[in-house]
Amino acid sequence: MKIFQEGDQSRAVCSHCADLVVTTFRRRDVPFSDGSSVAKNILVGVCDVCDTTVSIPAQSTPAISKTRKEATASIEANLPAIYVDVLDYAVHTIDHRASTDFRRVLLSYFLHQAAGDAQLATKLKAMHAKALVRFPEHRGVARRRLSMKVPVRVSEDLQSLATRTELNTTELLKSVVCSIQDDVLTAPKPKLIQALQGLAAISI
């Protein structure tokens with residue numbers, strides 16, 4: 001595999017010029033097509049005719065992948081305090097050494113699993129009605145703000161689930177917390193607990 005340096009030249013098809021052109025390798029900031037982030041100071045092939053980035057050498061792939069993994073999105077919700085209490089108790093049950101920062105990992109795991117499984121998504125929709133019965137929201141009930149930075153992929157999972165279940169973010173999070181309560185606290189699933197303990201071990 002050839003390693004390119006700044007100033008090296010090659011040839012590539014430029015979509016802007018609609019032609020095979022000479023390219024020169026330069027370092028540039030490269031925005032992702034979904035607008036989620038920008039990979040900074042990446043070596044790329046630039047069209048000598050129109051100055052458009054037209055190619056990315058293999059040696060730049062790791063830096064781009066790292067930037068994509070670090071890209072985050074915000075999830076915000078104002079929940080009755082009992083939901084956060086349940087979430088923190090589940091975190092402690094999984095690993096008593098884990099901090100409350102593990103809430104983010106735990107919620108992300110359940111959201112991602114549900115987004116990839118139609119049955120789990122359906123279960124979350126049904127769980128919302130159970131959540132309202134399990135934790136009635138009387139006037140004046142204490143509330144807590146849940147604010148998390150999650151990978152963009154998890155935010156996309158949340159949006160997908162919102163569309164499929166017709167639940168908003170707050171309603172979905174209530175359903176997820178109740179699912180966590182069932183699967184981690186009420187009737188623990190050994191394989192699930194083992195997987196979550198593994199995640200906690202590398203998140204502490």
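This is a predicted model: local features need pLDDT of at least 70, side-chain atom pairs count only at pLDDT 80 or more; totals for chains, interfaces and linings use all residues.
Which helix holds the place of Q194? I started my notebook with that one, and Q194 turns out to sit in helix α7, residues 190–203.

**Entry 1: Q194**

I checked how open Q194 is to the outside. Its relative accessible area is 57%, so I wrote it down as exposed, the cut-off for that being over 50%. Then I looked at what lies across from Q194 in space. I94 is 100 residues away from Q194 in sequence, yet their C-alpha atoms are 8.5 Å apart. I94 belongs to the buried residues of helix α2, so that helix came up next.

**Entry 2: helix α2**

Helix α2 covers residues 81–94, which makes 14 residues. At 1.5 Å a residue it should span 20 Å, and I found its end C-alpha atoms 20 Å apart, which agrees. I listed its buried residues: A81, Y83, V84, V86, L87, D88, A90, V91 and I94. What covers them? The cover includes the strands β5 (72–80) and β6 (143–151) as well as the helices α3, α4, α6 and α7.

**Entry 3: R103 in α3**

I picked R103 next, which lies in helix α3. Buried or exposed? R103 has a relative accessible area of 15%, and with under 20% as the cut-off it counts as buried. I then looked up its contacts, skipping neighbours within four places in sequence. R103 is in contact with V84, L87, D88 and V91, and also with R144, L146 and M148. V84, L87, D88 and V91 are also on my list of buried residues of α2.

**Entry 4: helix α6 by itself**

Now for α6, which runs over residues 169–186 and has 18 residues. From its first C-alpha to its last it reaches 24 Å, close to the 26 Å expected at 1.5 Å a residue. At its N-terminal end I found a cap: a side-chain oxygen of N168 lies 3.2 Å from the backbone nitrogen of T170. The buried residues of α6 are L172, L173, K174, S175, V176, V177, C178, S179, I180, Q181, D183 and V184. I also noted a general point about such helices: with 3.6 residues a turn, residues three or four places apart point the same way.

K174 is found in helix α6. Leaving aside neighbours within four places, K174 is in contact with L79, P80, Y83, A131 and E137.

With the close sequence neighbours left aside, D182 is in contact with M127, R134, A187 and P188. I also noted A90, which is 92 residues from D182 along the chain, with 10.0 Å between their C-alpha atoms.

**Entry 5: how α3 meets α6**

At what angle do the axes of α3 and α6 cross? I got roughly 95 degrees, with the axes coming within 10 Å. Angles of 65 to 115 degrees count as roughly perpendicular, so that is what α3 and α6 are to each other. On the α3 side the contact is made by L106, L107, F110 and L111, and on the α6 side by L173, V176, V177, S179, I180, D183 and V184. By class, that gives nine nonpolar residues, one polar and one charged.

**Entry 6: how α4 meets α6**

Helix α4 (residues 118–134) packs against α6 at about 85 degrees, and their axes are 8 Å apart. This pair is therefore roughly perpendicular as well. From α4 I wrote down K123, L124, M127, H128, A131 and R134; they meet E171, L172, K174, S175, V176, C178, S179, Q181, D182 and D183 in α6. The classes here are six nonpolar, four polar and six charged residues.

**Entry 7: two loop residues with positive phi**

Which loop holds E166? It lies in the one between α5 (152–165) and α6. E166 has a positive phi of about 60 degrees although it is not a glycine. At 65% relative accessibility, E166 counts as exposed.

D51 is in the loop between β3 (38–47) and β4 (53–55). Its phi is positive too, about 70 degrees, and D51 is not a glycine either. I put D51 down as partly exposed, at 45% relative accessibility.

Technical notes: Residues are numbered from 1 along each chain as its sequence is written. Side-chain values use heavy atoms; hydrogens and water are left out. Helices (H or I, at least four residues) and strands (E, at least two) are DSSP runs, numbered from the N terminus. The expected span of a helix is 1.5 Å times one less than its number of residues. Buried means under 20% relative accessible area, exposed over 50%, partly exposed in between (1.4 Å probe, protein chains only). A polar contact is a pair of N or O atoms within 3.5 Å; within protein, one must be able to donate a hydrogen and the other to accept it, and residues adjacent in sequence count only if both atoms are side-chain atoms. Axes are lines fitted to C-alpha atoms, for helices over the stretch in contact, and angles run from 0 to 180 degrees between N-to-C directions. Angles under 35 degrees count as roughly parallel, over 145 as roughly antiparallel, 65 to 115 as roughly perpendicular and the rest as oblique. Contact means heavy atoms within 4.5 Å. Ala, Val, Leu, Ile, Met, Phe, Trp, Tyr, Cys and Pro count as nonpolar, Asp, Glu, Lys and Arg as charged, and the others, Gly among them, as polar.
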